[in-house]
Amino acid sequence: MPSTLDAQSAGTPAPTSAPGDHRKIGFKRKAAAYVSLTKPRVMELLLVTTLPTMIFAQRGFPDVVSMVATMVGGALAAGSSASFNCYIDRDIDKLMKRTEKRPLVTGEVSPREALVFSWVIGVLSILILALGTNLLAAGLGVAAIFFYVVVYSLILKRRTEQNIVWGGIAGCFPVLIAWAAVRETIEWPAVVLFLIIFLWTPPHYWPLSLKYKRDYQAAEVPMLGAVASARMVSSQVVLYAWATVACSLLLVPLGWAGIVYTAVALVSGGWFVYESHVLYAESQKPEYNDKKAMKVFHLSITYLTLVFVALAVDPFVGAPLMEVPGLGS
């Protein structure tokens, strides 16, 4: 289920053994290594989109059982996807400084252990979603894991510079799962939320790929930042940022968004677009440094967080700005 948000998982436990060393280690260190496989920082951001979507879909707080089941099941599905990804990418992770401390590289977890762990928490996540919510949500959980593991990690990542565009679809599934858990169907607002994350993923991840382009070049992974100029990448960031903000405002004519969401989407979206334009201007200067792209990377996280927090608050503050018969709540 993790998408391009993949990149945030760089912070992992420091190794104390050489790569490939599978000697017995302590329980705490072993447990920390397993947690690291799930890329918890990615998981956190995915959950930031899940609970607000449930509240927005319910127009209030959903029942505790479905809420807990969706959050726990979604977190485990995301962790399973991330763990499978670590297993698949263990050969290239050891070539990149950003990922050289991951457990499969340091030897804190063996490939077999990682594979078994991935399957166990993946199956558990689907069972929790099926028993705690409904079969539609569980089916979407299966689709999310399949898309991230098979479509992105196995097929797209090493073959195309557009890998993150289509692979990022996996990171959009949490909002569909959340919506299905509450309303037992998929409606247009859920599709809009899906598209917001889909369009947001490239301008979120491509700035990071600029900073770590030498890592990707060393591993022969064709991330756009590793195969294209900073000017080309930043121009794409600008286009996708504009598309993201425009898409976020579609909830207004659909008859779902109130004043809080609309105001936050406009202000934070304007900030996101502005900083993307700044990055494009900077990329054309002779003294440009790829590390400057990280400002947009971090801002993109803030932007998405603000939009979804506003999504959660919105149902409690007034009515939707536009009432559309047959489309609203």
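Student: In this predicted model, in which helix is Gly167 found, and is Gly167 buried or exposed?

Tutor: Gly167 belongs to the helix that spans residues 163-167, which is helix 8. Its relative accessibility is 1%, and buried means under 20%, so Gly167 in helix 8 counts as buried.

Student: Which residues does Gly167 touch, leaving aside those up to four places away in sequence, and what separates the C-alpha atoms of Gly167 and Tyr152?

Tutor: With those sequence neighbours set aside, Gly167 touches Phe147, Tyr152 and Leu156. Tyr152 lies 15 residues from Gly167 along the chain, yet the separation of their C-alpha atoms is 4.6 Å.

Student: Gly141 is another glycine to consider; where is Gly141 found, and which residues does Gly141 touch beyond four places in sequence?

Tutor: Gly141 is located in helix 7, and its relative accessibility of 0% means that Gly141 counts as buried. The C-alpha atoms of Gly141 and Leu131, which are ten residues apart along the chain, are separated by 13 Å. Once residues up to four places away are excluded, the residues that Gly141 touches are Ile126, Leu129 and Ile177.

Student: Which residues line the largest pocket, and what is the volume of that pocket?

Tutor: The lining of the largest pocket consists of Ser80, Phe84, Ser118, Trp119, Gly122, Val123, Ile126, Val142, Ile145, Phe146, Val149 and Val150. Helix 3 (64-88), helix 6 (111-132) and helix 7 (135-156) are the elements that each give two or more residues to this lining. By class, the lining has nine nonpolar, three polar and no charged residues, and the volume of the largest pocket is about 220 Å³.

Student: At what angle do helix 13 and helix 14 pack, and are they roughly parallel or antiparallel to each other?

Tutor: Helix 13 (residues 230-248) and helix 14 (residues 259-283) have axes 9 Å apart and pack at an angle of about 170°. Angles over 145 degrees count as roughly antiparallel, and therefore the relation of helix 13 to helix 14 is roughly antiparallel.

Student: Which residues of helix 13 meet helix 14, and how many residues of each class does the contact have?

Tutor: On the helix 13 side, the residues that meet helix 14 are Ala230, Arg231, Ser234, Ser235, Val237, Val238, Ala241, Trp242, Val245 and Ser248. Among their partners in helix 14 are Tyr261, Phe272, His277 and Tyr280. Taken by class, the contact of helix 13 with helix 14 has twelve nonpolar, seven polar and one charged residues.

Student: Where does Lys39 lie, and what is its phi near?

Tutor: Lys39 lies in the loop between helix 1 (27-37) and helix 2 (40-58), and with a relative accessible area of 1% Lys39 is buried. Most residues other than glycine have a negative phi. Lys39 is a residue other than glycine with a positive value, its phi being near 50°.

Student: Glu184 also has a positive phi; is Glu184 buried or exposed?

Tutor: Glu184, whose phi is near 60°, is found in the loop between helix 9 (173-183) and helix 10 (188-211). Exposed means over 50% relative accessible area, and because the value for Glu184 is 59%, Glu184 is exposed.

Student: What is the place of Arg214, and what separates the C-alpha atoms of Arg214 and Ala226?

Tutor: Arg214 is in helix 11 (residues 213-219), where Arg214 is exposed, with a relative accessible area of 61%. Arg214 and Ala226 are twelve residues apart along the chain, and their C-alpha atoms are separated by 6.8 Å.

Conventions: Residues numbered from 1 in each chain as written. Predicted model: local features only at pLDDT ≥ 70, side-chain atom pairs only at ≥ 80, totals over all residues. Heavy atoms only, no water. Axes fitted to C-alpha atoms, helices over the stretch in contact; angles between N-to-C directions. Helix = DSSP H or I, 4+ residues; strand = E, 2+ residues; numbered from the N terminus. Parallel < 35°, antiparallel > 145°, perpendicular 65-115°, else oblique. Contact = heavy atoms within 4.5 Å. Nonpolar A, V, L, I, M, F, W, Y, C, P; charged D, E, K, R; others polar. 1 Å grid on protein atoms, 1.4 Å probe; cavity = no way out; pocket = protein on both sides within 12 Å on 5 of 7 lines; lining within 4 Å. Points joined across faces, edges and corners; volume = space filled by probe spheres on them. Buried < 20%, exposed > 50% of the residue type's maximum accessible area, 1.4 Å probe, protein only.
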